[in-house]
Amino acid sequence: ETHMNESATPGPVVVLAQSDDDLVAMIEVRAHADTDLPPPRIDNLRRNLVGNPRLAYLVARIDDAPVGCGFVDVSYDAATAHVVVVPAARRQGLGTALLAAVSERARASGLTQLQGEIRAIDDESLEFFRRRGFEQVGREEAVVLDLTGTDARVVDPPAGIRIVSRAEQPGV
């Protein structure tokens, strides 16, 4: 018989997302942590899991409240991973617990590297990962080209190239 010490403060709990409740928890976390991005849709999350058996979603909770999530995909030479914690719950060990969970899943598949993306303006996350030995290995910039002030010009394509619309050739 085991007894839990009820005076102990419960720490973060990280679970493998398996139910719709877990997927809804991930969506909640993303909506609170990535406010400038649309949250994922549950049907897309389900489809991703069914279509890729090497993908795992994780949910972190404190007192049953979802406060972090992540994923790890071990389909490639380096595991692709992502970890996010809602801002109000940061600095309580959740990011570390999620990172440990995705790392363990990667190691269990024989992989020794994690790869992920961090926005250049997210100094807090950049520092979190730098403190844990991660380094920047690439950089992508999102750019926008405003075409409203541009005149549409007719350009002749190179020899052997023909430009058509989807309406003209919908099966292509």
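Start by selecting M26, Y57, V72, L94 and V102: these have the most contacts inside the largest nonpolar core, which has 35 residues. Such a core is a set of buried Ala, Val, Leu, Ile, Met, Phe, Trp, Tyr and Cys residues joined through side-chain atoms within 4.5 Å, where buried means under 20% relative accessible area with a 1.4 Å probe, protein chains only. Now colour α1 (20–33), β2 (55–62), β3, β4 (79–85), α3 and α4, each of which supplies at least two residues of this core; β2 gives the most, with seven. Helices (H or I, at least four residues) and strands (E, at least two) are DSSP runs, numbered from the N terminus.

The model is predicted, with local features needing pLDDT of at least 70 and side-chain atom pairs 80 or more, while totals for chains, interfaces and linings use all residues. Residues are numbered from 1 along each chain as its sequence is written, and side-chain values use heavy atoms, without hydrogens or water.

Next, centre on L94. Leaving out residues up to four places away in sequence, L94 touches P12, A60, I62, V67, V85 and A89 (contact: heavy atoms within 4.5 Å).

Move on to α4 (residues 123–131) and pick its buried S125, L126, F128 and F129. They lie on the same side of α4 because they cover an arc of only 160 degrees around the axis, taken from the directions from the helix axis to the C-beta atoms. Show α3 (94–108) too, as it is among what covers them. Just after α4, stop at G133, with its positive phi of about 90 degrees.

Finally, visit D73 in strand β3 (residues 65–73). Beyond its neighbours within four places in sequence, D73 contacts N52, R54, L55, A78, A79 and T80.

Key: Buried means under 20% relative accessible area, exposed over 50%, partly exposed in between (1.4 Å probe, protein chains only).
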